[in-house]
Amino acid sequence: MASNPQKTNDSWMGSRLARKEDLRLVTGQGKYISDIVLPRMLHAVFVRSDRAHAKIVSIDTSAALALPGVVCVVTGDDIVDELRSMPQPVLLPNLPAKYPTFYPLCVGKVKFHGAPVALVIARDKYVAEDAAELVEIEYEELPVVVDPEAALEPGAPLINEDHDDNEIFSMTFTGGTTQAEHDANDKEVEEIFQNADVTIKERFRVHRTGLTPMEPRGVLCDWSDSDGLTAWITTQRPHIDRLAIIDLLDIPADKVRVIAPRDQGGGFGVKAPFFRENVIIAHMARKLGQPVRWIESRYESLMNVGQERDQINYLEVAATQDGKLLALRNRGIADNGTGETGVYWGFVMPFLGAVELPNTYTWDKADVKLRVAVTNKACLTPSRAFGHFPTRFAIERAVDMIAHKIGMEPSDLRRKNLIPHLPYTSTTGEYYDSGDFVQVWDNLMSHIDMAKFREEQQAARSEGRYIGIGFGTGVELSGMASEVLVPMENQPGYGAASVRLDPRGTALVFGGDAPGGQGHETSVAQIVASAFGIEPQDTVTTTGDTATTPFGSGTIGARGASYFMSAVHNACVEIKVKIARILAHDLGISATLDDFEFVDGQVVLRSDRSVKKSFRDIVERIIMHPINMPPGEVGGLEATVYFEAAKPMICFNADFCTVEVDIHSGEFKITKWVSSEDVGNVINPLIVDGQMHGAIVQGLSNTMFEEFIYNDQGQQLTADFENYKIANAADMPDIEVTYSPSPCPHTPLGTRGIGEGRPSSVPGALSNAICDALLPFGIEITELPLRPGAIWKKIQESQA
Amino acid sequence: MELAEEIRINATRDIVFAALNNVEILKQAIPGCEALEATSATEFTATVVSKIGPLKARFTGNVTLVDVIAPQSYTMVGEGKGGPAGFAKMRTFVHLTDEGESTLLRYEVKADIGGKLAQLGGALISSTSKKLAGIFFGNFEALLNGERAIERSSE
């Protein structure tokens, strides 16, 4: 392994420290959910629907039950009276929507290809798989709805029959809260469009694609009459899962413990919802009095989760002839799938996508409306770039189309319209707290000589080669303040951490979130080491166990560096205040925390550096020898701190890429990719680089390759990695990540969370580069994915 | 999946049409047919083993003949369940035309497949269907000429 660089400036903050967790992960010592084996453990396999929409006429389980080793086979009818249906209040956003009622197993009918119809539990996984194949289900088919626009037509076949149409959610995001205010706003927007020099109107379509974590889902539940339920779940939000299980299974609150395994093979949002599978496994473990485990197959995973994007945006933009953006109008239609997952219900993602539509640009006015349709597809699950991958593709393409129309450099048009000063509240009401968009942009542009590139482009065209450059920008939530997360997901936004010092001078940190590979153990250790002047290896971090960690809403929405790390830091400061008070008392001086420096394992008096005590000695003294204490002080060194930022926070990025397109085949090659990031103060640049590379690659993979395909019968045709192609290393360009950070004023360390939205500036940048290359053909890309065949067809059409 | 083809069969139209309604001949001609029973003049139950791509499935289902115009045409409507492999629904229109002493048989198949069959075998359905149809009519003609079916399996 590469040696670690030394810390800089007496602080581990900003060090490229190799990740503490990597040694065990790359040497096979990680402990994932499948590595947890309990005595008497049973294995569960779901029987899933091969129809997209059908009544369940009958289920014959006799052949499955007859197989030796099978313990039981349960169906929806077996469990309706034994547990509560979803939704339950803890799983509902504070948003008005037509929430479907559903059970862990389908009752009465199936609504998508892959829906769980029955559960087989056996003493052996292989027996369970064999038995699942013997369950015979008779269906009576119902009309299938796979097109979101058709789903919203009057008289379309109903999917969730507890409601009178397929529109699960709709909202107007601009102008105010009443109909009269919306109407007045829409009229003003219309006036701007009537009087504008230039307008564009386009239907932008982004396909269904998302995330495929390396480790699919899993649940292991153990029941004991004395201690209740212990559930290991691959999850990003164990504390919310715990509350949901308590409510759904009516188990006393002190009898449920949820543990997200320390090692999880990625989340990316996919493991953030509360899933129906959790409930039935927990229920069966209680009912059978034996541990029950379900490990999702890749096939099931691709059928059920990781599906997002999938929107149509009818977007209009008005601008002046000299390139000032004036107004935007959008009618979004999102394809929700069934809506059967807790917390998000599918539509919360397109909801945020609409909120984030204005992106980094100033608009005088906007008229943004969204309708979300239920269809016979798997429910959308969050995938990094939560909801706004399609809207950002649309807005970034629209900006270029305006530039093409008025003959302006797209980069100049962007800079002219970037929000010049923060804080700023967008036309859809999103608060941008701090940073400097223009500085980040100018840093990006310092990596390209536009005049020279245009010369090269002209020269290439004269040789029949087509090269182009494309830009994209993105503003992302950096964590979510309670004032955002409570209405959006009915959950608190604060970050929480407990820091406990050991008498030997090491630190234990406990957090209620549940990371899946982001490097929390390393980032936490760097913060603690910097705070106490100790070494990073002297900190051990525990996350994800509801029995030992303070409440957290989960590893979601870029809450790591923004909220959780801030709580860790503040807890360290609280402990340092106590150490300083007791040390001053022991030294017989009048001093507070500011008078001491924690460095190199010592606590040093700043005014006389010969006065010092080793960190370990003072910690041991306070914990083990709490006598002769200052008045009112007691022993022990532990603090639990909840951190809530004063304002919702953001981070920001801008990208460009260059491409060369082969006009004879439509194939294209990305020749350069450069990004400029404002991520605030960086805890570990190695980890941030990794986040950025991963996010850009994910954006490219979604844009170029990945696509979940349903045919007109609702059959999901992409349930393996042969048919659902994701990018591999050879498909990807070199990526140059550059930084232009401004410290966040609302976090104690100036950090910003970065894990969420980054991929969504990618499809716009890449499409813009291809359109720039093909400008002589006048091609404007409005649909993803970007396949060579589709580009070739557009070239042919333009020449016809 | 849609498939349409014409085949010239060396027999008169009456003989061909009768054979198309003859359970014993159909049973021998259908590749992978394990059972075929008439439950009425126009209804059958069938068990057929097929291999499509990586999947081998035993389909059980019903076939009904509708719009029967003897000795000219009928439409065969069938639905088969292949257990964990998925399911298939099929509608086949068969039309016969005299061509001297032989008969021109035209068929149009529209099939919907679902489940793993559609997912894993999707790309192979069309070619497999063509192959199976070819085997069927090869057998069918051989049987009409008093010979034994040549190919019995789809593998």
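This is a predicted model: local features need pLDDT of at least 70, side-chain atom pairs count only at pLDDT 80 or more; totals for chains, interfaces and linings use all residues.
User: At what angle do helix α11 (residues 389-406) and helix α12 (residues 410-417) of chain A pack?

Analyst: The axes of α11(A) and α12(A) lie 9 Å apart. α11(A) passes α12(A) in a right-handed crossing. The angle at which the two helices pack is about 115°.

User: How many nonpolar, polar and charged residues make up the contact of α11(A) with α12(A)?

Analyst: From α11(A), the contact draws on A:Val399, A:Asp400, A:Ile402 and A:Ala403. From α12(A), A:Pro410, A:Leu413 and A:Arg414 take part. These residues divide into 5 nonpolar, no polar and 2 charged.

User: Which residue of strand β26 (residues 650-661) of chain A is the bridge partner of A:Ile469?

Analyst: β18(A) and β26(A) pair in the antiparallel sense over 12 bridges. Within β26(A), the bridge partner of A:Ile469 is A:Thr658.

User: Where is the proline that is joined to A:Met86 by a cis peptide bond?

Analyst: Most peptide bonds are trans. The bond between A:Met86 and A:Pro87, however, is cis, with omega about 0°. A:Pro87 lies in the loop between α3 (76-79) and β4 (109-110) of chain A.

User: What is omega for the peptide bond from A:Leu784 to A:Pro785?

Analyst: A:Pro785 is located in the loop between α20 (762-773) and α21 (788-799) of chain A. The bond from A:Leu784 to A:Pro785 is cis, with omega near 0°.

User: Is A:Trp345 buried or exposed?

Analyst: A:Trp345 occupies the loop between β14 (325-337) and α10 (348-355) of chain A, and its phi is positive, near 55°. The residue has 31 C-beta neighbours inside 10 Å, and therefore A:Trp345 counts as buried.

User: What is the phi of A:Asn359?

Analyst: A:Asn359 sits in the loop between α10 and β15 (365-374) of chain A. This residue is buried, because 26 other C-beta atoms lie within 10 Å. Most residues other than glycine have a negative phi. In A:Asn359 phi is positive, with a value near 55°.

Technical notes:
Residues are numbered from 1 along each chain as its sequence is written. Chains are lettered from A and ligands numbered from 1 in the order in which they are written. Axes are lines fitted to C-alpha atoms, for helices over the stretch in contact, and angles run from 0 to 180 degrees between N-to-C directions. Helices (H or I, at least four residues) and strands (E, at least two) are DSSP runs, numbered from the N terminus. A crossing is left-handed if the near helix is turned anticlockwise from the far one by less than a right angle, and right-handed if clockwise. Two residues are in contact if their C-beta atoms, placed from the backbone, lie within 7 Å. Ala, Val, Leu, Ile, Met, Phe, Trp, Tyr, Cys and Pro count as nonpolar, Asp, Glu, Lys and Arg as charged, and the others, Gly among them, as polar. Two strands pair if DSSP finds at least two bridges between them. A residue is buried if 20 or more other C-beta atoms lie within 10 Å of its own, exposed if 12 or fewer, and partly exposed in between; C-beta atoms are placed from the backbone.
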